[in-house]
Amino acid sequence: MDGDGGKRWRFANPNPAVAAAGERSIQRYLVQLHACLDEHGPRPIIPLSHGDPSSSACFRTTPEAEEAVAAAVRSGEYWATPPPPPASPLAVAEYLSGDLPYELCTDDIFLTSGCTQAIEIVMSVFGQPGANILLPKPGYPKHEAHAVFHRMEVRFYDLVPERGWEVDVESIEALADDNTVAIVITNPNNPCGNVYTYEHLSKIADTASKLGVLVIADEVYGHLVYGSNPFVPMGLFGETAPVLTLGAISKRWIVPGWRFGWIAICDPKGILKETKVVDSLRSFRNLTTDPATFIQGAIPHIMKNTNDEFFSKTVELLKETAEICYGEIMEIKCITCPHKPEGSFFMMVKLDVSQLLDICDDVDFCSKLVKEESVVLLPGRALGMENWLRITFALDPPRLKLGLERVKSFCQRHQSPSS
Amino acid sequence: MENGGAGNGRPPASAAAWNFAASGTLLGLSALSVRGVLGRIKAGMAAEDDGGRPVIPMGHGDPSAFPCFSTTPDAVDAVADALRSGEHNCYPSAYLSSDLPYELSADDVYLTIGCSQAIEIICSVLARPGANILCPRPGYLFYEARAIFNGMEVRYFDLLPESGWEVDLDGVQALADKNTVAMVIVNPGNPCGNVYTYEHLAKVAEIAKKLGIFVITDEVYAHLTFGQNKFVPMGVFGSVVPVLTLGSISKRWVVPGWRLGWIVTNDPNGVFQMTKVVESIKSYLDISCDPATFVQGAIPQLLENTKGEFFEKTIDVLRQTADICWEKLKGISCITCPSKPEGSMFVMAKLDLSCLQGIKDDMDFCCQLAKEELVVILPGCALGYKNWLRITFAIEPSSLEDGIERLKSFCLRHSKPKVLLET
């Protein structure tokens, strides 16, 4: 083959939508940062940027869950690919119905390979030329990536840091038009760590109803709350506006690698059925893969038999690490946290580059930090907020403290004399 | 501020008041799925008939429910061990290199959620307005479904029944134009059961090179051959034309539910890199989902420890059932198999409707057969080949014999009186 470039090959320059979508990924930023790392440096790397805490021993799933899956593999009952045994969507329906005033049934549940595939499917189903979708800023880039990939226009509404990262409801009304199909909310929130109140979610539901749009509620961090606001599932307002709830076992059971999630149709009035959205979801199912069958097989056991102790232990640990993180950050002059996290694994903090010498923005900050201190933070630009940072505090307390010490030390070293 | 609830902002009742609606394209696409077609056929069937006969499935792609096709305990151990150890992210590049004249590296292998997701990824990556891909007919219509969903056009080239289902190379050349990006081959073949020779694959490579397109080779049934022709991976011709090989553990290890597959770039000349196909695949994988990590982690053990006897045993059963199928079908006059299957789990058989009465086409045949005889066979219309049948012989030999007997009995019962040919 000679190297006369793309001219000879007709498949050169593949789908531009993929490239556009791929830009919106946290991975991209992390890969760039890791490239700045001295992998052979004397000090161990401290990641405060991840979404997956399972590499810390204290964040390990329950042995019962592991055994359930091992048993399912060994049983030989789940190697095949018939439609999923009804026991698993039923187990998910029962699990979710526990928090709702109405019952979900197996037909309301679509099992997915993690919450990522749930996002993929939902965006595929709504993605039509001309449609637009409302996403939060800051937000989780995969929402945008899949929306963009499926040719939807994305419009961003603000989360307001001074009001506990609440949704700016007026901006939603201003943004929406006849082509808006849905509002996406994330609760408990990634990246901000806030948990919405019943009243606030009710307002969002009313707004959605008024605008004739549905709510896509990404609740992958459901129940991982440790502050004053309890977790309120958006499905509670399913009678006001139809809700598609996305979730997974990934966070609450700390097994993101197991790839088991769901889309739940929380729509007691049957609007999604009437508008054939449910048919669309079913149709699309025939075009995609689903979770490994033996994991599906283990789900009833996992959901019914995980004891509360495991859940409380995880929540306690997150509460402790959130406190540590908030406390340490308060002591760093150039960084401010507008709202103490109450849920999920993250907090968003504002970076004041004017107080720093020779650091021009959040990406620069993170690149230099990683190089000098082997600590990885996620620049806010990856989430739509330049000059902010997302900090993950879900790791073991000693390493967390060590990491934050290094951040402090870095900031002191780069402090501008005038500040 | 809204004060919500009843009165002000009350949700409108009718569908017209909601801004969202279903995608018309999507609703039509699932008709192209084997699962969808089988679903319709089974809808007319009772779970068990009055005579107490069990259902005999011969329409499926997954034989793992049958004890003779169970996977090996070595595979199960590998996954259970990986699960308990917390290991993840390993690459099957060494295994896949063993059949090739060059080494693959871990960078050439992308793990996917089964071969299905591999197809999804490729169609997403290739799709740009105006692009078209060439697919075989008869063929696995999932390619078309995904291609259309991504806005690509699909053009079909013929597989030639009289030549062992080889690719109609002249047809390929006639179909391609400047917007053609790739051609798909399936080897060993689903639904035809063919296994292509080295010489034929070399010709396919030459044509693709001449047209400036690459080859997507679906080798999900790799190594499952039991006839004269040995399995030759298309990757062998990677230096002639860039090849994307799709595969998985689903068939060879009989574990389709484990969802572990791959895309491999067989491209020693680095064309995919240069044309940004690699970058595109990586971008898509960044935003997409991947297989359960402990299944990934089990792969090295699974690949190393699975004993040769397990593979031989599977092939022996397939050889046996292929023989039964081939021989017994000869005794049914309205059904003809143009060539004996040599690989995969399927055989294509032509249905002669002129010998039958009260049956209007292949779909009708299969629905009535399911209802009357509790035998499930896939109609060729699900594969772009109307009035043919795809028969899956990967079931227990005794069940297969039973199934073919029932098929024969159905055909006799529905024969037109003057056209009874005894063999």
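Predicted model: local features only at pLDDT ≥ 70, side-chain atom pairs only at ≥ 80, totals over all residues.
**View 1. The largest cavity, in chain B.** The largest cavity holds about 230 Å³ of space. Its lining is made up of 22 residues, and those nearest the centre are L96(B), E219(B), A222(B), T245(B) and W262(B). Two or more lining residues come from each of α4 (93-97), β8 (243-248) and β9 (261-266) of chain B. With four residues, β8(B) has the largest share of this lining. Sorted by class, the lining has 13 nonpolar, six polar and three charged residues.

**View 2. The second largest cavity, in chain A.** Here the volume is about 170 Å³. Count the lining of the second largest cavity and you get 19 residues, with Y95(A), L96(A), E219(A), F231(A) and W262(A) nearest the centre. In chain A, α4 (87-97), β8 (243-248) and β9 (261-266) each give two or more residues to this lining. β8(A) gives the most, four residues. The lining of this second largest cavity has 11 nonpolar, five polar and three charged residues.

View 3. Look for C411(B) in helix α14 (residues 397-413) of chain B. Is C411(B) buried or exposed? C411(B) counts as buried because its relative accessible area is 3%, under the 20% cut-off. Leaving aside residues up to four places away in sequence, C411(B) touches I332(B), C334(B), I335(B), L356(B) and F365(B). One of these contacts, C334(B), sits 77 residues away along the chain, yet the C-alpha atoms of C411(B) and C334(B) are 7.2 Å apart.

View 4. In chain A, the bond from K137(A) to P138(A) is cis, with omega near 0 degrees. P138(A) belongs to the loop between β3 (132-137) and α6 (141-149) of chain A. Over in chain B, the bond running from R137(B) to P138(B) is cis, and its omega is near 5 degrees. You'll find P138(B) in the loop between β3 (132-137) and α6 (142-149) of chain B.

**View 5. Positive phi at H223(B) and N387(B).** H223(B) isn't a glycine, but its phi is positive, near 75 degrees. H223(B) is in the loop between β7 (214-218) and β8 of chain B. N387(B) isn't a glycine either, and its phi is a positive value of about 65 degrees. The loop that holds N387(B) runs between β12 (375-379) and β13 (388-392) of chain B. N387(B) is partly exposed, with a relative accessible area of 23%.

Technical notes: Residues numbered from 1 in each chain as written. Chains lettered and ligands numbered in written order. Heavy atoms only, no water. 1 Å grid on protein atoms, 1.4 Å probe; cavity = no way out; pocket = protein on both sides within 12 Å on 5 of 7 lines; lining within 4 Å. Points joined across faces, edges and corners; volume = space filled by probe spheres on them. Nonpolar A, V, L, I, M, F, W, Y, C, P; charged D, E, K, R; others polar. Buried < 20%, exposed > 50% of the residue type's maximum accessible area, 1.4 Å probe, protein only. Contact = heavy atoms within 4.5 Å.
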